Structures are given as structure tokens and as C-alpha cells.
Amino acid sequence: MHAPHKRAARRNARPVRIAVVALGLSLTAIPVAAHAGAPTHQAAQQPSAAVRPAATVAAATGLDDPAKKEIAMQLVSSAENSSLDWKAQYKYIEDIDDDRGYTAGIIGFCSGTGDMLDLVELYTERKPDNILAKYLPALRKVDGTPSHEGLDPNFTKDWVKAASDSAFRKAQDDERDRVYFNPAVKRGKADGVGTLGQFAYYDAIVMHGDGGDSTSFSSIRKRALSKAKPPSQGGDEVTYLNAFLDARVWAMKQEEAHEDTSRVDTAQRVFLKKRNLNLDPPLDWKVYGDSFHIG
């Protein structure tokens, strides 16, 4: 279950959907278990990416590799849902009092930020008679507000019912990839960062969106670039990612709902200190005081 301070805020995060192409990625299951023991991170058994050429870093591995994508989903779920079982979140929905209306699904689609509307529109394009289609007028009306007008009292129940439909789960996957995952991976590869850097980008877009305000992903990246060069410009990868995470923490602290920065401090920063730039298991981290392990 989400705690109120764990919600992702997406401001102005509504790219126009011209076409949605299913990636067709079959996410590889990775054994996972909550782990309360001492962290035992292990870096990749290769020369440090910090001293390899930028092109090699970018090509070594990517977050879009099915096994790495599965890890990314679990890492985000640990912060968003206090669980590694991200597939259990298709049916999740609640209002966590963050002024974004209902928050729901695997990536926290919000009725007040437009991405929930985009999701239900896509679902309805593919399956016109779905149980959520009747809420489209209300979702359009509450977009940009925390209001539940036209959604209560049955929207949450119908969302849970819809989550049993494979077409709705597929729509959630596709919108997550279109709006958040694919742009993060593309930008990360262009900047020459490896899997960890691409994940740092993805987690930032999930929380902050990529709008035009000072705490959006693009603004976070711009702040980082003012402090360090990315590998694509000849910079050191570890130095650049530290600058990016510094900028991310600054952005999080601008909003009370994000003042706990442990998803960076005791997760991403831990992997970076170990120079585990490929996010190779085993991975041990903490978020909001909870310990997690991927073996």
C-alpha cells in the first residue's frame, strides 16, 4: 500500500499520443525477497564503467533488456508500493491526499495529472465496451484538479474489476512505456549512461514528469549538466550521475510530499557508490526504512 509521502508527482506530463506500439517485452522473472540483513552489493565483473569509453558504457547493457526492466519495475515498486511485487499493483487505487485525485495502477496514474485519462482513453480505443469507458467524461472534467466529481462512488471498485482484464493490464504497460520508460531509456543512452543511469532517469520521470517547471526531469538534468558532463560529452559517468542525483534530491525537497529522499539516498546512491553501473544482482537497498533484496 502506498503511504501518502511516497506518491509520484507528475506535472504537465502529457505527451500527445499519436500511436502506441507495444514493446512485446516479456519481462523475465527474477527471484526476489525482502531482506533485512546487511547490504552486500556487488559491482559488475568488468572494468569500471567510469573508465570505459562513453560508447562502450552506452552499449554494454540497457534498462530495456528484459531482465533489467524487471529489476527497474521492482525498484520503483519498492518506493511506490513498499513491495517488489509490481504486478500486484494493476488493481491499486486510492486518493492519498496529494491534490492529484486518485492514484492508481502500476506507475501511479493520477486522475488529476492527465495520465490516467490517457490510459482509459487508450483502453477504450482498444476495447470500447470496457467498464471504465463511462468515466471518460468525468476524467476529462477533473483533469488538473483533485476532484472526484463524477467518479464516486464506484470508480475505485470498477478500476479493480478492470484490472482483471488482460487488455487493461496491457494498456497500463504500454502507457508506462510510452510516457515514462522509453523516454528515460532513450535519453539515458543518448547521454552515454549505463543501466543505473537510465534507471535514475526513469525514476525521476516517474516522480516528476517532464513538464516545463523547475523540478521536472528536464530541469533536473539541466541542473546536473551545469555541474558535470555526461559520458557522451567526455565526462566521467560516476561524477555525472552523482550530479544528477544531487539535482534530483534538490527537486524532491521542493515539495513536502517528497521530502523523504531515501529512494535516492539509500537505493540509487548505494548502487552508484558500489559502481554497479549495470544494476547487476545481488542488489540490496532501503526505501523509507524498509529493506529489499534482489538476488
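The structure holds 13 aromatic pairs. One of them joins Trp86 and Tyr90 in a tilted arrangement, with 6.1 Å from centre to centre and 55° between the planes. Trp86 and Tyr90 are both buried. The model described here is predicted.

**Aromatic rings and charges**

Ring pairs also connect several residues into a cluster, made up of Tyr102, Tyr123, Tyr135, Phe155, Trp159 and Phe168.

The charged end of Lys69 sits over the ring of Phe181, and Arg223 lies over the face of Trp250. The table gives the distance to the ring centre in each case.

| Charged residue | Ring | Distance to ring centre |
|---|---|---|
| Lys69 | Phe181 | 4.7 Å |
| Arg223 | Trp250 | 3.7 Å |

**The nonpolar core**

The largest nonpolar core has 76 residues. Inside this core, the residues with the most contacts are Phe155, Trp159, Tyr202, Phe244 and Trp285. Helix α9, which covers residues 237–252, gives the most to the core, namely ten residues.

Around Phe244, once neighbours within four places in sequence are set aside, the contacts are Ala200, Tyr201, Ala204, Phe217, Ile220, Arg221 and Ala224.

**The strands**

An open sheet is formed by three strands in the order β2-β3-β4, with antiparallel pairing. Its edge strands are β2 (93–94) and β4 (109–110), each of which pairs on one side only. Strand β3 consists of residues 103–104 and is joined to β2 by two bridges. Within this antiparallel pair, Ile93 has Ala104 in β3 as its bridge partner.

Another antiparallel pairing is found between β5 (residues 283–287) and β6 (residues 290–294), where five bridges join the strands. Together β5 and β6 make a hairpin that has two residues between its strands. Tyr288 lies in the turn and has a positive phi of about 50°. Trp285 stands opposite Phe292 in β6. Trp285 is also among the residues with the most contacts inside the largest nonpolar core. As a general point on such elements, the side chains of a regular strand alternate between the two faces of the sheet.

Notes
Residues are numbered from 1 along each chain as its sequence is written. This is a predicted model: local features need pLDDT of at least 70, side-chain atom pairs count only at pLDDT 80 or more; totals for chains, interfaces and linings use all residues. Side-chain values use heavy atoms; hydrogens and water are left out. Two strands pair if DSSP finds at least two bridges between them. Helices (H or I, at least four residues) and strands (E, at least two) are DSSP runs, numbered from the N terminus. A nonpolar core is a set of buried Ala, Val, Leu, Ile, Met, Phe, Trp, Tyr and Cys residues joined through side-chain atoms within 4.5 Å. Buried means under 20% relative accessible area, exposed over 50%, partly exposed in between (1.4 Å probe, protein chains only). Contact means heavy atoms within 4.5 Å. Rings of Phe, Tyr and Trp (its six-membered ring) pair if their centres lie within 6.5 Å; planes under 30 degrees apart count as stacked, over 60 as edge-to-face and the rest as tilted. A charge sits over a ring if NZ of Lys or CZ of Arg is within 6 Å of the ring centre and within 35 degrees of the ring normal.
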